[in-house]
Amino acid sequence: MRYFVFSDVHGNVEALERVLEEADRLRPDFIVSLGDVVGYGANPNECVALVQERASLRLAGNHDVAAAGLIDTDSFNETAERAIRWTCRTISPPSRELLGEYDTVRRHGDCVFAHASPAAPMDWEYIYTLNQANTILAKTSERYIFIGHTHVPGIIAHDGARGSRVLRGTFAAVSPGSRYLVNVGSVGQPRDGVAAASYALLDAHKGTINIRRIPYDVRGAQEKIRSAGLPESLAARLATAR
Ligand code: ZN
């Protein structure tokens, strides 16, 4: 079974199209979207439609549920809130309805999927530390845990003897008895200094986890953000990826 998992598209259709071309090439068994399909970027409707068409599991991010009107934006910073207001004005009623149908946690085979912590998905906690990862590992039993939300990709391995550790790089050869927490990074607004779309591929049969990066038309996405009247910082950060 091969899982192709991505997150945090954020209305960036230029990046999403490139990632889905990779999925065409790789022909995985499952395509999973971990949410935040909208917010920040200029093409929310196009991204919702593509995710609906291509992803067989669709999880909700905080921006998705805010755009669907299911939560308020008190926890959003000023730029994120401006972007959500723009998104609410721009999304079509059918898109809004689809956003409202996304799941908060899904399990499939040896995997559990969520935007933030699968132990408390609607708390929207940003998972940055090993302590936080350990809490999630203790509260779940699946072998593979996939999350997004921070826009920073990474893999944590956990086994009984060695505890948890952050793996160097973006590849893991799965070892027997280990469990893995994978942050798949962001398609449409990476924040790890690499201005390329991110996704993860789990080949459960071969026992490999890969996080891969795909270049896309950053300038095209920036121009659309600017001409939509969205905050300039949202265009700028696509290039710096910070
Ligand atoms: Zn996000």
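Trainee: Which residues of helix 7 are buried?
Mentor: Bear in mind that this is a predicted model: local features need pLDDT of at least 70, side-chain atom pairs count only at pLDDT 80 or more, and totals for chains, interfaces and linings use all residues. Numbering starts from 1 along each chain as its sequence is written, and side-chain values use heavy atoms, leaving out hydrogens and water. Helix 7 takes in residues 218-227 (helices are DSSP runs of H or I, at least four residues, strands runs of E, at least two, numbered from the N terminus). Its buried residues (under 20% relative accessible area; exposed is over 50%, partly exposed in between; 1.4 Å probe, protein chains only) are Val218, Gly220, Ala221, Gln222 and Ile225.

Trainee: And which helices are included in what covers them?
Mentor: Start from the buried residues of helix 7, such as Ile225. Their cover includes helix 1 and helix 8 (232-240).

Trainee: What is the bridge partner of serine 33 in strand 3?
Mentor: Strand 3 is residues 57-58, parallel to strand 2 over two bridges. Serine 33 finds its partner there in arginine 58.

Trainee: Which helix does the chain pass through from strand 2 to strand 3?
Mentor: Strand 1, helix 1 (residues 13-26) and strand 2 form one right-handed β-α-β unit (with strands pointing away from the viewer, the path from the first strand over the helix to the second runs clockwise). The crossover from strand 2 to strand 3 is also right-handed. It goes through residues 44-54, helix 2.

Trainee: Which strands are at the edges of the open six-stranded sheet?
Mentor: That sheet has mixed pairing and the order 4-5-6-10-7-8. An edge strand pairs on one side only, and here that gives strand 4 (105-108) and strand 8 (163-166).

Trainee: What is the bridge partner of histidine 158 in strand 8?
Mentor: Strand 7 (residues 154-159) runs antiparallel to strand 8, with four bridges joining them. Histidine 158 has as its partner in strand 8 serine 164.

Key: Pairing = 2+ DSSP bridges. Contact = heavy atoms within 4.5 Å.
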